[in-house]
Amino acid sequence: MLIRKPADLRYSDVTPKQMYINRRSFLAGSLALGALAGAARAGKLSDVKKSSYDAGGDKLTPLEAITHYNNFYEFGTDKSDPAENAKNFRTSPWTLKVEGEVAKPKTFDLDGLFKIAPLEERIYRHRCTERWSIVVPWIGFPLSALLQQVEPTSKAKYVAFETYYDAKQMPKGRWAGIEFPYVEGLRLDEAMHPLALLAVGLYGDTLPNQDGAPIRLVVPWKYGYKSAKSLVKIRLVEKQPPTTWNLSAPNEYGFYSNVNPKVDHPRWSQAKERRLGELLNRDTLMFNGYPEVASLYAGMDLRKYY
Amino acid sequence: MNKLLGKILGSRWTKVVAFAACLVPFLLLLLPFLKLLTTGNAPELGANPVEYITHKTGDWTIRFLLITLAVTPLRKILNQPRLARYRRMLGLFAFFYVCLHFMTWFILDKSFSLSDMWADVLKRRFITVGMLGLAMLIPLAVTSTAGWVRRLGFVKWQRLHRLIYFIALAGVIHYYWLVKSDVRLPLMYGAILAVLMSYRFFVWKQAAPKRAATRLAVKTPSTASLPD
């Protein structure tokens, strides 16, 4: 296997050694499992460029937490459910369709997903609306790279995302209390922002099933539920598309869902968060500490457009 | 069979074992938590230990409230008067777990800030109703001793302790309002509470003619029926 690591920063610099050992055994397990399930691309990703995105030097969340504390309601609503119930999730074959208001609609197969654009590693903070947060070394490419390839027309104002749903593979989904397939959306200028990422891996490997394999959205300045997992369709549209949590509880979850310590969730304050691995809360930062997106919302009342 | 069960329930050792069993959920949280504080790592508590402890202590509070409320129906249905010996202990364990639940939230989430706590109590309805339940449970815990039954008189004491119906309801509503979308567990607790309350309602209904007769016939203080 070809393993290339960024030269300047190694995982051992930021990850405890014990975690490394666990990671190896996890990887061995997932490889064996991948072989069983016939997954074509489980394992190390090669040719990954290092990027300058390092979450301000925040400590990486251990892989164990990233893979065993998940909200992926199709696989159950307990944080530990997805790790258990997504074990045999089939991500091969896979197709991702990009369509709608575009000049060149495209469909990608599993192999194609990894070749849309050069892969890079980006360390992002990820803040859940439930007041916990993690720091993840994603591997992926800017969403804008994909959108440019399909050439949005002048009618395209929003991007709608649809995720995979199969009641047979995801029997626990019927108890989730939300509608599937899970849908999300961004304004086109948000989607084109350099921070918006399509991730195909994390911690050097392809995405674990419970983290949204084989390809997911990562929008680090918004609450976690905006970062839809296991994408099957990306549609450029003229009108603001419906989003799952907004449909479920419109007074609690808006279309924008920007991380904002000053705008509370009706049932809890968003001023603080618990970084997994830390006992006490820390302050939540505006736009999750990504002030470069502020210009997207110039002149907007973020209390109204929550 | 019934006699044997009565004997077992009456044994001091059974009560000791029951007491120890009620402490197990606490120990399963305390020991990993001490490990977390000393070594910084406790996989038993998952990736978010504070949330885990908060949820578990909350779960056990509702469970102990429902178990406590199940004692009287079971006592009557099984004809096992000795079950009553466990009721106070079970109720006090509900109080014990709700105190842990509250302390976890107040210390680890609110960092001892009374103003933050008040802001939440006033603003978040699931916290309002949860705190209401906790507040109602305090007088019941205080007056749980034999001395307080005597001081208040049994009728007054019993009336006060019917607050547990509302406390359990507050617990279920607190949980229901808290969850994001999957309401199966809170609904299950709600259903159990509904069954336990229906039983009481039917027993009370059936006894109505008798109560009226007693009231009319003798204006003397009624002989205390068994507590329910």
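A:Ser257 is buried, with 21 other C-beta atoms within 10 Å; a residue counts as buried if 20 or more other C-beta atoms, placed from the backbone, lie within 10 Å of its own, as exposed if 12 or fewer, and as partly exposed in between. The model is predicted: local features need pLDDT of at least 70, side-chain atom pairs count only at pLDDT 80 or more, and totals for chains, interfaces and linings use all residues. Residues are numbered from 1 along each chain as its sequence is written, while chains are lettered from A and ligands numbered from 1 in the order in which they are written.

**Backbone features of chain A**

A:Ser257 has a positive phi of about 55° although it is not a glycine. Its place is the loop between helix 8 and strand 12 (272-275) of chain A, where helices (H or I, at least four residues) and strands (E, at least two) are DSSP runs numbered from the N terminus. A:Glu151, also not a glycine, has a positive phi of about 55°. A:Glu151 lies in the loop between helix 6 (143-150) and strand 6 of chain A and is partly exposed, with 14 other C-beta atoms within 10 Å.

| Peptide bond | Omega | Loop holding the proline |
|---|---|---|
| A:Phe180 to A:Pro181, cis | near 0° | between strand 6 (158-163) and strand 7 of chain A |
| A:Ala213 to A:Pro214, cis | near 0° | between strand 9 (205-206) and strand 10 (216-218) of chain A |

A further proline, A:Pro241, sits in the loop between strand 11 (231-237) and helix 8 (244-248) of chain A. A:Pro241 is partly exposed, with 19 other C-beta atoms within 10 Å. Leaving aside residues up to four places away in sequence, A:Pro241 touches A:Tyr158, A:Ala160, A:Val183 and A:Gly185; contact means C-beta atoms, placed from the backbone, within 7 Å. A:Tyr158 is 83 residues from A:Pro241 along the chain, and their C-alpha atoms are separated by 7.2 Å.

**A sheet in chain A**

Five strands of chain A form an open sheet in the order 3-2-11-6-7, with mixed pairing; two strands pair if DSSP finds at least two bridges between them. Strand 3 (106-109) and strand 7 (183-187) of chain A are at the edges and have a single partner strand each, so one side of each is left without a neighbour in the sheet. From one strand to the next the twist averages 15°. Strand 2 (residues 95-100) of chain A pairs with strand 3 of chain A in the antiparallel sense over four bridges. A:Thr95 stands opposite A:Asp109 in strand 3 of chain A.

**Chain B**

Chain B has eleven helices and zero strands. The C-alpha trace of chain B spans about 65 × 45 × 35 Å along its principal axes. Of the 228 residues in chain B, 23% are buried. Among contacts in chain B with a separation of 6 or more, 64% are between residues 24 or more positions apart.

The axes of helix 3 (residues 49-78) and helix 4 (residues 87-109) of chain B come within 8 Å and cross at roughly 160°; axes are lines fitted to C-alpha atoms, for helices over the stretch in contact, and angles run from 0 to 180 degrees between N-to-C directions. That makes helix 3 of chain B roughly antiparallel to helix 4 of chain B (under 35 degrees is roughly parallel, over 145 roughly antiparallel, 65 to 115 roughly perpendicular and the rest oblique).

**Contact between the chains**

The contact takes 18 residues from chain A and 13 residues from chain B.

Notes. Contact = placed C-beta atoms within 7 Å.
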